Amino acid sequence: MVENKIIEILMKGAHDELTKREIVILTKFQAESAENSRFVEENRLILDNLSVDVVQDSTIFNVESALQTVNSKKDHDASVRQLNAPTPVKKTSYNWMSLAAAALVLVGLTTLFFTFGGVRSDSMVYSTTDQSEVFTLEDGSEITLNKQSTLTLKAGFGEKLREMSLEGEAFFRVKNIDNQPFIVQAGELQVEVIGTAFNVDCRSNRESIDVYVAEGKVKVTNRISNGKVVLTAGQVAILHNQTRILSRKTLGNQNQTSWITDKLSFNNVTLERAIEEIESHFDIDIKLSNRALSGCKYTSLFNDPDPEEVLETLSVVFDVQIVKEGKSSYELMGGKCN
């Protein structure tokens with residue numbers, strides 16, 4: 001349950017022990033709704049008023065008293081603002097087993113807040129920061145989430161539908177469960193599968209949303225225009241941001257999941273296409289000044305590559321000069337086809 005995770009994060013945050021990923025999860029949860037924000041603030045107040053000494057022994061704290069303190073303070077805006085302000089915390093060696101026990105009681109109380117208020121959030125959020133991470137969902141499906149990406153499982157996941165929303169990029173290896181469709185919302189696209197392996201790229205810096213099928217079959221629907229395409233292994237659905245047209249292509253593109261395999265492979269492809277795939281893999285910008293080189297053919301294979309290595313190969317093959325502009329921008333000047 002997502003509330004449990006938020007409570008755990010708040011408890012650790014009270015003692016300055018949060019990881020980057022936990023900070024992202026908490027921030028994302030608060031931003032989703034006013035109710036979520038209220039949930040966080042109320043529990044911060046409760047935690048601020050808990051009297052628990054766990055340096056050596058587990059001590060039972062008086063939750064009722066803590067709640068009374070919180071409720072009285074909520075009636076005074078100035079007091080609430082003062083309580084929410086950062087205060088110095090004395091570092092101690094905490095017994096996290098007793099804190100975990102405290103969390104169970106606290107989660108029970110905060111669940112009552114939300115149940116009686118008619119607002120209950122059962123969503124689950126998975127987020128990454130500066131590196132990709134693999135998650136196994138409750139249904140056994142495996143999700144590889146690219147860096148700077150967020151996957152949110154919707155309330156009721158696994159009851160009738162397995163529905164979620166994606167921001168960023170993820171590779172899905174879905175476990176087949178009869179009568180329980182697996183649905184991913186990515187921007188205005190909806191991807192529906194039964195059991196397969198596919199990649200969804202809806203990163204904000206891309207010119208399109210791409211859905212690539214590695215195994216099996218998926219149905220991709222534009223939820224706005226209701227356009228649909230069915231994809232099988234090796235095919236990709238592309239929704240262009242400008243035209244809003246959903247199309248299907250068979251690419252034979254080995255680099256669609258290069259962010260997972262950490263390999264780049266080019267087999268007699270045009271230089272223009274190679275540059276697009278290099279840009280996507282490294283999240284960089286490459287400008288080809290000599291457009292006459294766009295159709296030149298390129299073949300190469302890289303294992304665990306870095307951008308400088310790949311660009312140096314282009315320099316040798318096409319006799320281009322590489323000019324670096326900023327941290328992640330390059331210009332290829334001059335050159336000729338071989």
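A pocket is an open set of grid points where a 1.4 Å probe fits, with protein on both sides within 12 Å along at least five of seven lines. The views below show a predicted model.

**Figure 1. The largest pocket and the residues at its centre.** The largest pocket holds about 1,500 Å³ of space. Its lining is made up of 46 residues. Nearest the centre of the pocket lie R203, R206, E276, E279 and S280.

**Figure 2. The lining of the largest pocket, by element and by class.** Two or more lining residues are given by each of β10 (208-215), β13 (235-240), α7 (258-261), α8 and β16 (285-288). Helix α8 provides the largest share of this lining, with nine residues. Sorted by class, the lining of the largest pocket contains 19 charged, 16 polar and 11 nonpolar residues.

**Figure 3. The packing of helix α8 with helix α9.** Two packed helices are described by the distance between their axes and the angle between those axes. Here the axes of α8 (residues 271-282) and α9 (residues 307-318) come within 11 Å and cross at roughly 165°. Angles over 145 degrees count as roughly antiparallel, and α8 and α9 are therefore roughly antiparallel to each other. The crossing of α8 past α9 is left-handed.

**Figure 4. The residues in contact between α8 and α9.** On the side of α8, the contact is formed by L271, I278 and F282. Helix α9 contributes P307, V310, L314 and F318. By class, this contact of α8 with α9 has seven nonpolar residues, with no polar and no charged ones.

Note on methods:
Residues are numbered from 1 along each chain as its sequence is written. This is a predicted model: local features need pLDDT of at least 70, side-chain atom pairs count only at pLDDT 80 or more; totals for chains, interfaces and linings use all residues. Side-chain values use heavy atoms; hydrogens and water are left out. Axes are lines fitted to C-alpha atoms, for helices over the stretch in contact, and angles run from 0 to 180 degrees between N-to-C directions. Helices (H or I, at least four residues) and strands (E, at least two) are DSSP runs, numbered from the N terminus. Angles under 35 degrees count as roughly parallel, over 145 as roughly antiparallel, 65 to 115 as roughly perpendicular and the rest as oblique. A crossing is left-handed if the near helix is turned anticlockwise from the far one by less than a right angle, and right-handed if clockwise. Contact means heavy atoms within 4.5 Å. Ala, Val, Leu, Ile, Met, Phe, Trp, Tyr, Cys and Pro count as nonpolar, Asp, Glu, Lys and Arg as charged, and the others, Gly among them, as polar. On a 1 Å grid over the protein atoms alone, a cavity is a set of points where a 1.4 Å probe fits but cannot get out, and a pocket is an open set with protein on both sides within 12 Å along at least five of seven lines; lining residues have an atom within 4 Å of a point. Grid points are joined across faces, edges and corners, and a volume is the space filled by probe spheres set on the points.
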